[in-house]
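Here is a short report for a first look. Have the sequence and the 3D view open as you read.

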Amino acid sequence: MPDLPKKKVGLISCSGEELPEGTVTRRAVRKVLETLRPDDTVTLCLPLFLAGGEGERAFARHYPTIAVDGCEKRCAALATEKYSAKPAASIVVTEIAKECGCGAIGTTRRLNAEGLRLADEVAGKIMEETDQLLKKKRKDSDKESGPGKP
Amino acid sequence: MGDNALELTVDKFRFRFPADLFYSEAGIWARFEGSRARIGLSDFMQQRNGDVAFAEMKDVGTVIQRGDEVAVVETIKVNISVPSPVGGKVVVVNGDLAAAAELVNQDPYGKGWLAVLEVGDVAAAKASLKIAAEYLALAKVQAEAEALR
Amino acid sequence: MSGSKRKIPVVACSGIGKSLGAAAREAGFILTEDLRPGKTKIVALGLLVLGDEEARREVAGGPAIAIDGCKLACAAAGLGCSGAADVRKVAVFDVVRRHRGLKPEGVCDLNEDGLKLARAAAEEGAKIVDGIGAEDGHA
C-alpha cells in the first residue's frame with residue numbers, strides 16, 4: 001500500500017457528451033475541485049481510467065471515490081467498480097434534477113441558467129458526500145491512534 | 001539506465017527519481033558520463049508543467065555557467081526556462097525533440113533528455129547537486145503544497 | 001429500403017483534468033453540430049468502452065474518428081478495443097504544435113485560445129469526414 005499522508009476523495013465524472021446532464025457533471029466536479037473542497041479532492045480522468053491509467057486506478061483502490069454520472073447508465077460508477085473498487089458514493093444528475101424540480105437545462109455544449117443552477121446543486125451534493133467520507137476516515141484514524149479524544 | 005528508482009506518490013500522481021542521477025533544486029537531472037553530463041527534466045517537473053509542445057536548447061558550442069538557461073521548454077501551460085544543473089559547454093542536443101517533444105513527458109530520464117555538456121570539474125559539479133533521496137524530499141514538499149491536479 | 005446513410009461516429013476524449021481534454025470535447029461538438037452535422041454523430045467514450053450495445057453498433061461497420069487531447073490517446077484506444085476497425089485520429093496536441101503560441105486554459109469554460117484550438121481540431125476532423133466521403137464515392 002502506498003504512503004498516503006493525507007486522505008482525499010477522488011471524484012470521477014462521466015464524459016457525458018450525449019446529454020446536457022453530462023455537462024452538468026463536469027461543471028459540478030470542477031467546482032468542488034477548484035472552489036468548494038480543493039484540499040480534499042482530486043479528479044480522476046474517466047477516459048484515462050478506462051484506457052488503463054494506473055495512477056487513476058491505483059488511487060481509486062486506496063482512496064474513497066465519488067462517481068458523478070449524468071444519467072442512470074452510470075458510466076463513471078460502473079467503470080470505477082469494474083477497474084478498481086466500488087465507489088463510496090454515486091450521484092446521478094437526473095435524479096437530483098427531479099428532486100430539485102429542474103426544468104430544461106440547455107444543451108451539451110451550453111448550459112442555460114437552470115443548468116448552471118443544477119450544476120451548483122450537484123456540486124453541493126458532492127461536497128456533502130466528500131465531507132461525510134472524510135469525517136468517517138478521520139474517525140477511523142482517531143480510533144487507530146489510541147484512546148480517543150472527545 | 002537501471003531500474004533502481006525512488007518513488008513518490010502524492011494523490012494519484014507517481015513520480016520517479018532514478019538513484020543513479022543527480023538533481024538540481026530546480027528539478028533538472030544530470031547523469032555524469034565521464035567528463036560529460038547529460039541533462040533533462042525530472043519526472044516531477046515534466047508532470048507538474050504539462051505536455052511539452054516544443055523544446056529548444058542552446059546551440060552546440062555554447063558555454064554556460066551552472067544556473068544559466070540551457071533550454072526553453074514550452075508546454076501547454078507554461079514556458080519554462082531550464083537552468084542548467086552544471087556549468088560547461090553544450091556538446092550535443094537532443095535532435096529527436098524537434099519532431100517529438102513529448103518524449104520529455106513519456107521518457108524523461110531516457111529518450112527525453114535535453115542536452116549533453118562537457119563539464120570542467122565533475123567532482124565539484126556533483127557536490128553542488130542533490131542525490132535522489134534529497135531531491136525526492138524537496139519534490140514531496142512542493143507536490144503536497146501545490147495539490148497537483 | 002432504408003436510405004439512411006451511416007453517420008461517422010466521433011469519440012472525443014473529454015478528459016476533465018486538462019484543458020486539452022476540454023478542447024477535444026468542444027472540437028467534437030463543433031464537428032458534429034456545426035461543420036458536418038448530417039454526416040457525423042458523437043458517441044460517448046464511457047458508454048462505448050463499457051459495452052453499451054447502441055454505442056458499439058454506432059462504431060461498427062465503418063470508419064470512426066477519435067479526437068484526443070493528449071498523447072495518451074484514450075479515445076483512439078477506446079475505439080480500438082470496442083470493435084472499431086478503422087480509427088481515424090485527430091490529435092489536439094499536434095494541432096497545438098501547428099498553432100504555436102496558443103495557450104488553452106479552462107476546463108468547463110475554455111478561454112479564447114482553447115476555443116480556437118478546438119475549432120482548428122474540428123476542421124481537421126471535417127477534412128477526415130470529407131475524405132471518408134470521397135472514399136465511399138459520395139462527395
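## Two helices of chain C

Helix 1 (residues 19–35) and helix 6 (residues 112–136) of chain C pack at an angle of about 50°, with their axes 8 Å apart. Axes are lines fitted to C-alpha atoms, for helices over the stretch in contact, and angles run from 0 to 180 degrees between N-to-C directions. Helix 1 of chain C is therefore oblique to helix 6 of chain C (under 35 degrees is roughly parallel, over 145 roughly antiparallel, 65 to 115 roughly perpendicular, the rest oblique).

The residues of this helix contact divide into 13 nonpolar, 3 polar and 3 charged. Ala, Val, Leu, Ile, Met, Phe, Trp, Tyr, Cys and Pro count as nonpolar, Asp, Glu, Lys and Arg as charged, and the others, Gly among them, as polar.

## Basis of the model

The model is predicted: local features need pLDDT of at least 70, side-chain atom pairs count only at pLDDT 80 or more, and totals for chains, interfaces and linings use all residues. Residues are numbered from 1 along each chain as its sequence is written, and chains are lettered from A and ligands numbered from 1 in the order in which they are written.

## Chain A

Chain A has 6 helices and 4 strands. These are DSSP runs numbered from the N terminus (helices: H or I, at least four residues; strands: E, at least two). Their order along the sequence is β-α-β-α-α-β-α-β-α-α.

## Where A meets C

Chain A gives 24 residues to the contact, and chain C gives 24 residues. Residues are in contact if their C-beta atoms, placed from the backbone, lie within 7 Å. Helix 2 of chain A supplies the largest share of the chain A side, 5 residues.

Technical notes
Two residues are in contact if their C-beta atoms, placed from the backbone, lie within 7 Å.
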